[in-house]
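Hi! Here is the structure I promised to pass on to you. Have a look at it first, and then read my notes below.

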Amino acid sequence: SPLVPIMPPSRQRAAMRVPAAPPALLLALSLLSPWGSAGGTCPPRCVCASNLLSCSQANLSAVPAPLPRFAAVLDLSHNNVTRLRADWAPARLPHLHALLLSHNGLAFVSTEAFAHVPRLRHLDLSSNRLRTLDENLFSDLGELEVLLLYNNEIATVDRTAFENLGRLRKLYLGQNRIARFPLELLREGTRLPQLALLDLSANRLRAVPAGELQALPAWLRDRLYLHNNPLACDCLLFQLLDRGRRRHLSAVEDFQDELRCFLPGATALVKILELAGKPPLNCSKAREAVLEAHLGDSVTLGCDSRWQGVRSRHWVTPGGERVLGDGGNGSVVLLANGSLQLRALRPEDAGTYSCWVAGPLLNETLYVELLVHNFTLHGPHDTLNTAYTTLVGCILSVVLVLIYLYLTPCRCCCCRGAEKPPAPRDDSINSSVLSTTPNHAAGPAEPCASRTASSAGTGQNGRFKGGGTPPLPARQGPKAQRKVSDPDSVSSVFSDTPIVV
């Protein structure tokens with residue numbers, strides 16, 4: 001057998017002697033441990049690992065206390081926590097970013113329940129008994145990214161329930177009793193800026209604002225789930241979903257059989273995507289994008305890609321030319337947002353334009369058909385200007401005629417004060433409504449006797465002649481009183497004065 005060296009007894013005793021650890025070292029080790037005396041203790045009936053607390057299926061009726069401040073994930077699912085009061089976390093939990101409360105029978109959540117967990121990014125309240133989402137319920141969760149509320153009994157959603165959720169990306173409201181489409185979550189100006197998924201499936205929606213939803217960016221329509229709702233059949237709804245199917249949007253393509261609606265007067269559901277050309281609606285298939293314009297107009301063709309984080313994009317004209325920047329003479333411009341602007345349209349600009357998008361996962365091609373009508377279009381403003389000009393011209397014409405008829409000054413300035421004898425009864429001036437120049441009978445005392453012979457009396461056909469024509473020699477006989485014809489009569493006003501229209 002091998003020989004084993006034998007140590008002297010003095011050395012054996014020295015080897016067996018272990019020095020005692022100083023108290024300072026023990027205190028440092030306890031501080032480094034997450035479950036030491038300085039960090040708190042693991043709550044009863046919970047499993048703790050590092051900064052994770054798993055209290056699932058522990059038959060809890062309330063949130064255990066005290067909770068350690070360094071907790072990052074708290075799993076309270078599958079318990080009996082029916083009410084979440086404001087004091088469930090009496091101290092601030094600055095590191096908690098995930099709270100799981102599903103399958104608890106939760107029926108009440110205080111509006112101040114999340115005041116002490118401002119760093120929460122993931123909140124799971126699914127599979128409970130929530131019935132309402134009150135005003136500003138989640139307003140304290142400014143960093144929340146994912147909110148799960150599916151499989152509840154929610155029928156009322158306050159319009160301000162999701163305010164201040166500037167970082168929310170995914171909102172699951174499926175399998176509830178919601179009957180009003182929450183358009184404020186999507187409408188420009190009030191929508192959540194980072195929202196990329198909205199699940200409203202298996203609710204009680206009977207109508208959706210298809211027109212406004214069609215105007216949404218494609219990347220948001222891609223993640224809008226509407227299946228398993230008792231929707232009313234409508235051609236706008238069909239075209240909205242038909243475009244999604246042709247664009248291979250997952251929210252439509254993956255749930256084609258569950259997208260159903262009620263026809264007018266029918267009790268059975270039909271597939272929405274099978275309504276094309278069928279009575280009673282006879283819906284027509286939606287085209288990708290059609291834009292109409294006129295000669296000389298400027299239009300912008302949008303490249304509505306369903307991808308976020310697009311790496312590159314370019315356009316191809318109907319003639320096969322690739323547009324990467326400014327075109328010839330600046331008539332074709334590629335904008336910073338990927339849209340294509342066409343200026344001073346010509347007939348040859350009509351056709352189908354293609355937008356090629358390089359997405360983060362796959363590539364996509366979009367088509368826009370441009371129709372250019374071969375005439376210019378005058379808008380309502382031009383029509384209004386034309387009507388206004390015509391009206392002003394008519395008014396000016398009437399004013400000029402009235403000025404001429406009623407405000408014409410006396411032709412003989414020196415005869416203003418002379419007494420005017422009455423004209424003979426048979427003179428046609430008395431019956432002329434249009435005449436404003438009075439008759440002047442020549443007499444020995446009148447200083448203007450040389451003019452009265454040509455300005456008094458009537459002309460042929462009973463017309464009054466205003467003067468200005470040299471007098472003819474007097475005749476003897478019954479025709480001696482006949483007046484000289486004057487081309488400057490009042491009746492010539494209507495033939496010589498232009499009418500402005």
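**The disulfides**

Cysteine 46 and cysteine 55 are joined in a disulfide, with 2.0 Å between their sulfur atoms. Before we go on, keep in mind that this is a predicted model. The link of cysteine 46 and cysteine 55 is right-handed, with 110° about the S-S bond, and both of these cysteines are buried.

How many disulfides does the structure hold? There are 5 disulfides in it. If you count the bonded cysteines along the chain, the pattern reads 1-3, 2-4, 5-7, 6-8, 9-10.

Another of these links is formed by cysteine 42 and cysteine 48, whose sulfur atoms are 1.8 Å apart. This link is right-handed too, at 80° about the S-S bond. Is cysteine 42 buried, partly exposed or exposed? Its relative accessibility is 29%, so cysteine 42 counts as partly exposed.

Then there is the disulfide of cysteine 303 and cysteine 355, with sulfur atoms 1.9 Å apart. Cysteine 303 sits in the loop between strand S18 (299-301) and strand S19 (312-316), while cysteine 355 is in strand S23 (residues 351-358), so the pair ties together parts that are 52 residues apart in sequence. The torsion about this S-S bond is about -85°, which means that the disulfide is left-handed. Cysteine 303 counts as buried because its relative accessibility is 9%, and cysteine 355 is buried as well, at 0% relative accessible area.

Next, look for the open sheet of 3 strands, which run in the order S14-S15-S16 with mixed pairing. Strand S15 (residues 260-262) pairs with S16 in the antiparallel sense, over 3 bridges. Within this part, cysteine 261 stands opposite valine 270 in S16.

**A nonpolar patch**

Finally, take a look at the surface. Leu391, Ile395, Val398, Val399, Leu400, Leu402, Ile403, Tyr406 and Leu407 form a nonpolar patch there, and together they have about 910 Å² of accessible area. One of them, tyrosine 406, lies in helix H7 (residues 380-406). Tyrosine 406 counts as exposed because its relative accessibility is 63%, and the cut-off for exposed is over 50%.

Enjoy exploring!

Technical notes:
Residues are numbered from 1 along each chain as its sequence is written. This is a predicted model: local features need pLDDT of at least 70, side-chain atom pairs count only at pLDDT 80 or more; totals for chains, interfaces and linings use all residues. Side-chain values use heavy atoms; hydrogens and water are left out. Patches are made of residues with over 30% relative accessible area and no salt bridge: like charges are joined within 9 Å, nonpolar side chains (Val, Leu, Ile, Met, Phe, Trp, Tyr) within 5 Å. Accessible areas come from the Shrake-Rupley method with a 1.4 Å probe; for residues, only the protein chains shown count as cover. A salt bridge is a side-chain nitrogen of Lys or Arg within 4 Å of a carboxyl oxygen of Asp or Glu. Helices (H or I, at least four residues) and strands (E, at least two) are DSSP runs, numbered from the N terminus. Buried means under 20% relative accessible area, exposed over 50%, partly exposed in between (1.4 Å probe, protein chains only). Two strands pair if DSSP finds at least two bridges between them. A disulfide is a pair of cysteine sulfur atoms within 2.5 Å.
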